[in-house]
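Visitor: I'd like to learn how to read a few features of a structure like this one. Could you walk me through it?

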Amino acid sequence: MNVMVQAAVKAGRSLSRDFGEVQNLQVSMKGPGDYVSAADKKAEQIIHAELAKARPGYSFLMEESGAVAGDDPQHRWIVDPLDGTTNFLHGIPIFSISIALERQGQLVAGVVYNPAMDELYTAERGGGAFLNDRRLRVAARKNLSDAVIGTGVPHLGRGHHGNFLIELRNVMGEVSGIRRMGSAALDLAYVAAGRMDGFWEHGLQPWDVAAGIILIREAGGFATDDKGGQGIFESGSIVAGNEPIHKALLKTMRKPIK
Ligand code: 2AM
Ligand code: CA
C-alpha cells in the first residue's frame, strides 16, 4: 500500500503541475491535446518507475504502455495514469490516477487519487476502504427513488448509443438524480464513499475499474458486469452499488421499453 500511495502521489504532483498549464493552453490555437498526451505518459513513467523499483519483477498492465510481463507472473499492477482525460484536456478538475494490484488473478489492493482535491482512496483485501484516513462504507439508501446514480455517456466514435439511451431512459425515471463525472475510477471511489449510490458504464478497460472494484467491495458494496456476473474486465461493463441498489439497477437498466 505504501508503495502504491507513493507512486500515485508523485504522479499526482506531476499531473497537477501540467493541469495548471493546460488551463493556459486552452486559449491557444493548437490547444492542449499533445501536451495532455505528454502529461499522461509522464505520469505513467513515474508510476512505472516507482512500482518497478519497489517490487522488481511484478508484471504490468498500463493504459499507455499496455502489458509488460515481469519475471513474477503471480503479481500484476493495473495502472491508469490519467483517468478522465477529456476533463483534464478541458481544464475540468475531475480526473484521477488509478493503481491496482492483482495476485494470482485476484484484486488485492487499489488506490484512486484525485490530485485536484487531494483525495486519496485506498483499499486492501480484507482491510476495508479509506478516503485519506476515514473508513468508507457504501451508502445505506435502499430505494432507487432516493438514489443518485453515476454513469458514463458514450460519445462520438464510441459505444452503443441506442443501447445506452434505453438504459438511461429506464433508470432516469426511477432515481433521484443521474451524474456523469467523466472518470470511471473516481465514480467507483465515490460509490465506495457513499457519495453516489450506484454507477454503471460500458466500454471500459481493466485499468479504468480495477482499483475502483476493490474499493467498492471493501466498502461493503457490489460490483459486477451488466449481467450480474464476474466478467467486468472481459465485457468492459460495470454495475455497482450497495446490495439493493446494485440489484435494482441491474433490473431497471434492462427493462424492455414499451
Ligand atoms: P480515460 O479518461 O482514461 O480515457 C469516461 O466515460 C470514462 O471512460 C473514463 O474513465 C475514460 O478513461 C474511460 N474510457 C475508456 N476508454 C475510453 C475511450 N476510448 N475514450 C474515452 N473514454 C474512455
Ligand atoms: Ca481511464
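Guide: Happy to, and keep in mind that this is a predicted model. Let's start with W77: its relative accessibility is 2%, so this residue counts as buried, the cut-off being under 20%.

Visitor: Which residue stands opposite W77 in β4?

Guide: That is L101. The two strands, β3 and β4 (residues 96-103), pair in the antiparallel sense, over 7 bridges.

Visitor: And how do β1 and β3 run, and how many bridges join them?

Guide: Those two run parallel, with 5 bridges between β1 (residues 58-62) and β3.

Visitor: How many residues of strand β3 are buried?

Guide: In β3 (residues 72-83), 9 of the 12 residues are buried, so the strand is mostly covered.

Visitor: Now the rings. How is a pair of aromatic rings described?

Guide: You give the distance of the centres and the angle of the planes. In this model there are 5 aromatic pairs. Take F19 and F88: their centres are 5.3 Å apart with 50 degrees between the planes, a tilted pair. F19 belongs to helix α1 (residues 2-25) and F88 to helix α3 (residues 85-89), so this contact ties together parts 69 residues apart in sequence.

Visitor: Are F19 and F88 buried or exposed?

Guide: Buried: F19 has a relative accessibility of 8%, and F88 comes in at 0%.

Visitor: What about the rings of Y58 and W77?

Guide: Their centres lie 5.5 Å apart and their planes are at 35 degrees, so this pair is tilted. It links distant parts of the chain, with Y58 in strand β1 and W77 in strand β3, 19 residues apart. Y58 counts as buried, at 14% relative accessibility.

Visitor: Which residues do ring pairs link into a cluster?

Guide: F19, F88 and F95.

Visitor: How accessible are D80 and D208?

Guide: D80 has 0% relative accessibility and counts as buried. D208 is buried too, with a relative accessible area of 8%.

Note on methods. Residues are numbered from 1 along each chain as its sequence is written. Chains are lettered from A and ligands numbered from 1 in the order in which they are written. This is a predicted model: local features need pLDDT of at least 70, side-chain atom pairs count only at pLDDT 80 or more; totals for chains, interfaces and linings use all residues. Side-chain values use heavy atoms; hydrogens and water are left out. Buried means under 20% relative accessible area, exposed over 50%, partly exposed in between (1.4 Å probe, protein chains only). Helices (H or I, at least four residues) and strands (E, at least two) are DSSP runs, numbered from the N terminus. Two strands pair if DSSP finds at least two bridges between them. Rings of Phe, Tyr and Trp (its six-membered ring) pair if their centres lie within 6.5 Å; planes under 30 degrees apart count as stacked, over 60 as edge-to-face and the rest as tilted.
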